[in-house]
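Please work through the following exercises with the sequence and the model in view. Each task is followed by a solution in steps.

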Amino acid sequence: MQTLVLTIHILTCVFLVIFVLLQSGQEGMGVIFGGGSGSVFGSTGAGGLLVRVTAVLAAIFLTTSLAYNVLTKPSALGDSALMTQGAAGIAVPAPAQAPIPGGVSFEEKALPKQGEPAADQK
């Protein structure tokens, strides 16, 4: 059923785009690009037919969009949904402790004061 609704939806999308592009504009900027009164459907255009077909295709598009959404919604009984599990169903790992460096020792050595000889010098 999902495949049928999706196929009808895609075909409707393609035909809707085609029929919207077939419609003539309001003789604004379209005249500059050669969209004058010499169109395929005559000087008055095919407003009535194209508008009706576009409206029907738009209604089919809306219907198939809603139908596909209803058909593919996740079930409320599934265990994988976050909304059904709540926050208690999420396992948070404990933070890893930083490794302690081993075998390295740091000693503070006092610098000799000026005028005093260093203890290591002989």
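**Exercise 1: Confidence**

Determine where in this predicted model confidence is lowest and where it is highest. Solution: Helix H3 (residues 82-85) has the lowest confidence in the protein, with a mean of 55, whereas H1 has the highest, at 93. For the protein as a whole, the mean pLDDT is 74, and 52% of the residues reach 70 or more. Where pLDDT is low, the predicted coordinates should not be read in detail.

**Exercise 2: The nonpolar patch**

Which helix gives the most to the nonpolar patch?
Solution: 
1. The patch covers about 690 Å² of surface and is made by Leu6, Ile10, Leu11, Val14, Phe15, Ile18, Leu22 and Tyr68.
2. Helix H1 spans residues 2-22 and gives the most, with seven residues.

**Exercise 3: Met1**

State where Met1 lies and how far Met1 is from Ala67 in space.
Solution: 
1. Met1 belongs to the segment before H1.
2. Its relative accessible area is 68%; exposed means over 50%, so Met1 is exposed.
3. Met1 and Ala67 are 66 residues apart in sequence, and their C-alpha atoms are 10.0 Å apart in space.

Technical notes:
Residues numbered from 1 in each chain as written. Predicted model: local features only at pLDDT ≥ 70, side-chain atom pairs only at ≥ 80, totals over all residues. Heavy atoms only, no water. Patch = residues over 30% accessible without salt bridge, like charges linked within 9 Å, V, L, I, M, F, W, Y side chains within 5 Å. Areas by Shrake-Rupley, 256 points an atom, 1.4 Å probe, with all protein chains shown as cover. Salt bridge = Lys/Arg side-chain N within 4 Å of Asp/Glu carboxyl O. Helix = DSSP H or I, 4+ residues; strand = E, 2+ residues; numbered from the N terminus. pLDDT = per-residue confidence, 0-100. Buried < 20%, exposed > 50% of the residue type's maximum accessible area, 1.4 Å probe, protein only.
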